[in-house]
Amino acid sequence: MRILVVNCGSSSIKYKLYGVQMGEPLAAGMIEGLGTAEARHVLETGRFRKEIVMPVPDYRRGVAQVVEALTEWGSPRLVGDPEEIVGVGHRVVHGGEQFNESVVIDSSVVETIRALDSLAPLHNPANRAGIEAIAELLPHSTGVAVFDTAFFGTLPPHSYRYAVPARWWREHGVRRYGFHGISHRYLVERAALLWDKPEPNLVSFHLGNGASACAVRRGRAVDTSMGMTPLEGLVMGTRSGDIDPAVVFHLMEAGLSVAEIRRGLERQGGLRGLSGISADFRRLAEAADAGQASAALALQVFAHRVRRYLGAFLTQVGRCDGVVFSGGIGENSVRARRMALGGLETMGLVLDASRNHGRGERRISTDDSPISIWVIPTDEESLIARDTARLVTAEQD
Ligand code: ADP
């Protein structure tokens, strides 16, 4: 029995294969450059690595490639017979108000995901294309949709409603949905185990190219920095995060088009926009060390925004058990954590400088810090695999 986890993005398919025991994946693969004549497909296992470059015009051909790789590459083959793949977990970005938990996919689920396309125009159509291709190529498998928004189904109205005309909410779905929910849920479940506390109160930060914060009270999300779309909140690689919405009409009145403003906020903003150098935190840290002032400023604005949300979210979780850092920056950057957490001793957050320099999953606060601070590497695929295995088993019973 095998579980496949699939993440279809706008130009890539990422996948991981799990055995019944879950734990570490048996294989991880990725097709990049989907829709081009030179797509790159890499598959890695503990034993071998294979890479090919070939045209992959669409998701159906991409998924066919994935099935071929799993059943034909390597020796022994990872999957002897495609029917061994009993469950396929799909990451789906937007579940709207309809999906507060993972579900077995049927035609009505696909239609509901389609109806949410307008809220996630870059992501949901790609996720759906992956679901349809798998249904065709692995017809015996049970498909499971795991939503990036679902963890935020517990947000109270005072946290998910915007102070805009109520009509916009009713007629256009204008509200906070939140994203990165699979990662934040993984962090909460992991913290619950590590802290031996089934329903912890915490603030979690997923800091990668996309970045978000989540306030968790008694194990449930009560607030998040991301909004109706993944543009709100923290400073990201190329996304602005929070701005005054009046900036948009100011720029429109100055003659910029909607497309130009969108590009500025989504692709040319964030660390890239501020620094004018790069969207990559590590590169900016090097540039700042080399004396480039705009890089140093970008890092400062990034850290300032993290601190702002940290302070705000500590007011929402009750007696806080811990603050968790994850994502490429949150897991790896000593500097980002130092800038975000420095000087907060009076708030009960005491960073331990030497633990901050360590690696992997660990506590990075001092033993006597009133609120503990942790680095927990996220593992979204393992959570998708677990949900998929659970729902497949429930189907079979
Ligand atoms: P994504 O959101 O695309 O999954 P990641 O979680 O991989 O992105 O995060 C990418 C970011 O993590 C980049 O800004 C990169 O510079 C940063 N990063 C990765 N490793 C390090 C490191 N050792 N030190 C500082 N930043 C790092």
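This is a predicted model: local features need pLDDT of at least 70, side-chain atom pairs count only at pLDDT 80 or more; totals for chains, interfaces and linings use all residues.
Residues are numbered from 1 along each chain as its sequence is written, and side-chain values use heavy atoms, with hydrogens and water left out.

The axes of α7 (residues 246-253) and α8 (residues 258-266) come within 10 Å and cross at roughly 135°, axes being lines fitted to C-alpha atoms over the stretch in contact and angles running from 0 to 180 degrees between N-to-C directions. In this pair, V248, L251 and M252 of α7 meet V258, I261 and L265 of α8, where contact means heavy atoms within 4.5 Å.

Helices α6 (residues 181-194) and α15 (residues 380-396), by comparison, pack at about 85° with their axes 9 Å apart, and are therefore roughly perpendicular to each other. Residues I182, S183, R185, Y186 and E189 in α6 meet E380, S382, L383, I384, R386 and D387 in α15.

The largest nonpolar core has 47 residues, with F205, L207, L310 and F325 among those having the most contacts inside it; such a core is a set of buried Ala, Val, Leu, Ile, Met, Phe, Trp, Tyr and Cys residues joined through side-chain atoms within 4.5 Å, buried meaning under 20% relative accessible area with a 1.4 Å probe and protein chains only.

Methods:
Buried means under 20% relative accessible area, exposed over 50%, partly exposed in between (1.4 Å probe, protein chains only). Helices (H or I, at least four residues) and strands (E, at least two) are DSSP runs, numbered from the N terminus. Angles under 35 degrees count as roughly parallel, over 145 as roughly antiparallel, 65 to 115 as roughly perpendicular and the rest as oblique.
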